[in-house]
Amino acid sequence: MKYVIVIPDGCADDPQVSLGGKTPLQAANRPAMNAAAKMGMVGLSNNVPASLTPASDVATLSLFGYDPLVVYTGRAPLETVAMGIKLNPGDWAIRCNLVNVVDGVMKDFTAGHIANEDGKELINTLQEKLGGEVKSPSGKVLGVLEFHAGVSYRNILVYRSKEPAPFAKETKGQPPHDIPDKAVAPYLPSGPGCELLKEIMQKSQALFLDHKVNKKRIAEGHKPATQCWLWGMGVSPVLKKFADVHHVNGAIISAVDLVRGVGMLLGWNRIDVPTATGYLDTDYAAKGRYAIEAIKNHDLVCVHVEAPDEASHEGRVDAKIEALEQIDRHIVAPLMAVLPSYKDWRILISPDHRTPVQTRAHSHGAVPFVIAGTGILANGQETYDEVAAAASAVLFAKGHDLMKVFLQ
Ligand SMILES: [Zn+2]
């Protein structure tokens, strides 16, 4: 059996007045997704338990069949896997966004989708000025701080513990993408060890204020990175390999370190598409071609596309519809055309979580999914969207149960 998973990140949404009451998914021209719906099972799946923050980390773990309430330790440790950073027992990974905060308000969690070179230079400054040993008042070395440049605004701070780390499960940080245009003061890190994190964030403001990268960015009409924002902290998670659980090998195609990292942690091969961007300008057709190539020598291939989520974060309904249409035309349609050449095959299309364009933030709630292919009976829905999924009788209250049905 060949299995394909397509994840249009954050595609699930609400009806829009501007679309005559349709959701962006309903408004998108999506013949391939609808063909899967007609022949397969459409339903709702809840990937984010109420006690956890809705985001791709928790939600993709559920989608891939793992209970996040059992295995999830934080977002940053998942990203470090894809970045090639090894965490030892006791080490903590912390997400270090480069953000644009103006007058105490989160104006842009991406610092204008800062270019990799600009981001790297700012992270190097943080390493030079704030990295290295953390000492107690008596001079004892407690740990070591390492800043690692990632892709664009997505960077990582590692706390290497020499003594037990100051952080705990109760240490919380706020995802900056969920507080657009909000005052940041109530959302600073809290819990054990938060003072160290707040101190780093505060010191970064002074270091970035007259930084030459920011002067250049302002001169070029780009937003400056006004500070780093620390969140998503955790220790390395322990997961059973996907192949050990399901006896199926896999590959992950994604431009986002977080999703790549989750796939790699499951033991899937990471396949990089050089022209994929993790943004609205990504090379959809190349992703489709790479998936078709990858399924030749893997049992399961997962293609993740970040673009619909990014469109929602920018509050752009038209861009979201455009992204969904591109996914349908260049990824789902070619896969649906090729898969029947394998005797037994199945496809699963599902976002990880909801990202309504109105709130521009991730939200809790069930998302529509469709599974189609060999041995899957049609359950009477004609289209793939939120309304058809809600009209079906199928609901996975625990999203991680869906993977068993998909693979059995
Ligand atoms: Zn998002």
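Which right-handed unit do S9, helix H10 and S10 make? They make a β-α-β unit, shown in one of the views below.

The model is predicted: local features need pLDDT of at least 70, side-chain atom pairs count only at pLDDT 80 or more, and totals for chains, interfaces and linings use all residues. Residue numbers start from 1 along each chain as its sequence is written.

**View A. The two domains.** The domain assignment, which is automatic or from a database, gives domain 1 as 2-72 + 240-407 and domain 2 as 83-234. Their centres, taken over C-alpha atoms, are separated by 30 Å.

**View B. The contact between domain 1 and domain 2.** Eight residues of domain 1 are in contact with nine residues of domain 2 (C-beta atoms, placed from the backbone, within 7 Å). On the domain 1 side, three of these residues are nonpolar, three polar and two charged. Ala, Val, Leu, Ile, Met, Phe, Trp, Tyr, Cys and Pro count as nonpolar, Asp, Glu, Lys and Arg as charged, and the others, Gly among them, as polar.

View C. Strands (E, at least two residues) and helices (H or I, at least four) are DSSP runs numbered from the N terminus. S9 covers residues 250-253; Gly250 and Ile252 point one way, Ala251 and Ile253 the other, and all are buried (20 or more other C-beta atoms within 10 Å of the residue's own, C-beta atoms being placed from the backbone). Pairing takes at least two DSSP bridges between two strands. S9 pairs in the parallel sense with S11 (residues 300-305) over four bridges, and alanine 251 stands opposite valine 301. With S10 (residues 269-270), S9 pairs in the parallel sense over two bridges; isoleucine 252 has arginine 270 as its bridge partner.

View D. Right-handed means that, with the strands pointing away from the viewer, the path from the first strand over the helix to the second runs clockwise.

Note on methods. Contact = placed C-beta atoms within 7 Å. Buried ≥ 20, exposed ≤ 12 C-beta atoms within 10 Å, placed from the backbone.
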